[in-house]
Amino acid sequence: MVKKLITQDTRMFLTGNEVIAYAANAAEAEFMYGYPITPQNEIMHTWCKLLPKTEAGFLQTEDEISAGFSTIGGILAGKRAFTATAGPGNVIMQDAQSMAEMMRIPFVCAVMQRGGPSTATVIYAQQETRLTCFGGNGEGFRIVYSTAGHQDLYDYMIKAFNTAWKYRFPTFMLADGYQGKMREPVTLYDPASRGIKMVPVEATLGGANGSRPVNHVRNTFNLEEELMEVLDKYQEEFDRISPEIEEYLEYKADDAEVLIIAHGIVARSAMTAVDELRAKGIKAGLFRPITLRPLAVKPLRAAVARAKQVLFTESANGQLAQMVLEKIYGLQTPYSTLFKMGVGVTGDDIVQKVESMVKEPATV
Amino acid sequence: MARTRIVLAGEGGQGVQSIAKILVEAGYEAGKEILYIPNFGVEQRGGVSIAFCQIADEKIGEPRFSKGDIVIMLSDRAIDRCCTYVNENSTVIYDSSVCSKKPECKAKNIISVEANKIANEQLSARVFNIIVLGVLLSATNVLKLSDIKNAMEMALGKKFDAKPELRDLNYKALEMGMGLIEKAGV
């Protein structure tokens with residue numbers, strides 16, 4: 001049993017990477033596996049710095065392929081284990097992440113997006129949105145939380161462990177280099193003080209010395225139909241549990257004529273923009289999906305249907321927009337886009353774009 | 001002012017992020033809302049290093065902003081990169097003893113300081129960035145000198161205790177930096 005460092009509410013001034021390490025400890029995580037890649041290195045640095053006090057474990061592997069599979073190994077053995085990665089590291093960890101989907105392993109991973117494709121920048125992007133939701137050779141049986149600041153990082157890192165262990169789908173906390181590297185105040189707390197009980201963990205393959213029957217988890221199948229039988233069941237289960245998992249945030253969206261759809265840190269810039277636009281008499285609002293997998297489709301469709309226009313804005317070329325457009329098929333609300341590939345979106349950017357949309361409405 | 005947006009840019013290795021950290025720590029300890037994003041490439045040294053800092057009385061929304069209230073440029077490449085963060089409400093401060101050119105951007109004020117020259121000739125090359133911190137403290141005028149000194153103590157206290165003359169040197173650099181802005185009359 002690890003020792004928990006945060007026993008009462010503690011206000012701290014931290015980088016996001018530090019927050020994630022503290023959150024994993026608060027969630028009673030026992031082991032981290034990882035391989036360094038900017039901008040998420042300080043997650044493992046902080047985790048390791050805290051080890052003498054937490055008595056948890058850490059293994060630095062030779063690459064992210066190994067980090068992913070080692071994490072799976074730790075979890076199979078019954079440890080609340082996790083990993084973190086970014087950019088090209090996230091790319092080469094897809095094999096392990098797919099295995100976690102297939103074998104229903106409660107894999108937890110923090111992704112701190114950086115610019116892409118390839119090495120690109122070490123700073124920031126939202127270009128791993130599609131990869132994190134649908135990477136690997138499969139169907140995206142994954143749960144993905146997209147955070148928008150340090151309090152989110154703490155809250156959702158804790159939640160990711162419980163979601164993963166309760167539903168046994170790999171669960172990701174999708175953030176970005178800004179959130180990893182930036183510093184802002186945050187309140188750390190003991191999950192128990194918020195009524196959060198950690199889901200108990202156990203070895204996947206059975207109990208030691210026959211204390212529980214052997215459990216055979218497969219990722220190899222002989223026949224096509226045999227595979228589809230399993231995947232159909234997964235899909236049915238994923239759809240069934242989705243309403244319990246879906247999360248979203250609406251900000252002044254009730255009477256919004258221009259509805260901004262954004263996730264993560266860009267949604268936070270959008271909130272600044274909404275306030276500025278409202279002060280200028282423009283009825284703007286925000287729909288922020290917090291879970292990107294699964295998307296909260298019903299409220300999303302309702303918000304889009306209410307609005308006169310929609311603006312998609314991302315630090316990517318429409319990765320979220322593509323996912324959303326599929327889900328709002330059939331609605332007639334026209335939309336416009338503000339995409340900055342690998343670059344932060346500011347409140348001003350959004351204000352100017354929405355003002356231009358009011359002058360010259362979108363027609364698409 | 002409810003929110004002060006600062007862009008602090010120079011070459012990697014000039015100590016830009018070090019003073020940004022002291023500044024935001026001072027702001028946090030003074031009870032302000034703070035948001036700080038370091039921005040740099042893969043190099044250990046060289047390349048443009050930018051610190052985006054916000055100090056506010058109320059909770060901060062957007063992490064990145066378009067235009068800074070105070071934009072400090074400490075190298076030619078920083079000038080090239082950072083004019084995009086300047087508008088007619090910005091105060092631009094650049095080090096004319098490092099830069100070979102003047103920033104050509106539409107700003108409220110463009111002020112030149114010679115922090116590098118002063119550091120080399122009067123103090124020590126190592127406190128160049130602390131002089132800039134003094135410049136920043138005066139130019140932003142939202143934090144007190146004592147806040148910065150406390151934050152310096154948190155960051156450098158151990159070094160100061162080992163070598164007390166370092167404390168005096170850093171304080172002197174800080175005050176000389178503040179004096180540069182007072183002289184410019186911002």
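Two points on conventions come before that. Residues are numbered from 1 along each chain as its sequence is written, while chains are lettered from A and ligands numbered from 1 in the order in which they are written. As this is a predicted model, local features need pLDDT of at least 70 and side-chain atom pairs count only at pLDDT 80 or more, whereas totals for chains, interfaces and linings use all residues.

Let me start with chain A, for which the domain assignment gives domain 1 (10-194) and domain 2 (248-359), the bounds coming from an automatic or database domain assignment. Taken over C-alpha atoms, the centres of these two domains of chain A are 26 Å apart. Their contact involves 24 residues of domain 1 of chain A and 20 residues of domain 2 of chain A, where two residues are in contact if their C-beta atoms, placed from the backbone, lie within 7 Å.

On the side of domain 1 of chain A that touches domain 2 of chain A, two or more residues each come from helix H6 (129-134), strand S6 (143-146), strand S7 (171-176) and helix H8 (177-181) of chain A; here helices (H or I, at least four residues) and strands (E, at least two) are DSSP runs, numbered from the N terminus. S6(A) gives the largest share of that side, four residues. By class, that side holds 11 nonpolar, 10 polar and three charged residues, with Ala, Val, Leu, Ile, Met, Phe, Trp, Tyr, Cys and Pro counted as nonpolar, Asp, Glu, Lys and Arg as charged, and the others, Gly among them, as polar.

Staying with S6(A), this strand pairs with S7(A) in the parallel sense over four bridges, pairing being assigned if DSSP finds at least two bridges between two strands. Within that pair, Ser146(A) stands opposite Leu174(A) of S7(A). Ile143(A) and Tyr145(A) point one way from S6(A), Val144(A) and Ser146(A) point the other way, and all are buried, meaning that 20 or more other C-beta atoms lie within 10 Å of a residue's own, with C-beta atoms placed from the backbone.

Turning to the contact between the chains, chain B gives 17 residues and chain A gives 19 residues. On the side of chain B that touches chain A, H1 and strand S2 (33-39) of chain B each supply at least two residues, and S2(B) gives the most, with six residues. That side of chain B has 10 nonpolar, four polar and three charged residues.

How many of the 14 residues of H1(B) are buried? The number is 11, so this helix is largely enclosed by the rest of the structure; among the buried residues are Val16(B), Ile19(B), Leu23(B) and Tyr28(B). Just after H1(B), Gly31(B) takes a positive phi of about 85°.

Leu259(A) itself sits in strand S10 (residues 258-261) of chain A and is buried, with 27 other C-beta atoms within 10 Å. Leaving aside residues up to four places away in sequence, Leu259(A) touches Ala253(A), Gly285(A), Phe287(A), Ala303(A), Val304(A), Ala307(A) and Val310(A).

Key
Buried ≥ 20, exposed ≤ 12 C-beta atoms within 10 Å, placed from the backbone.
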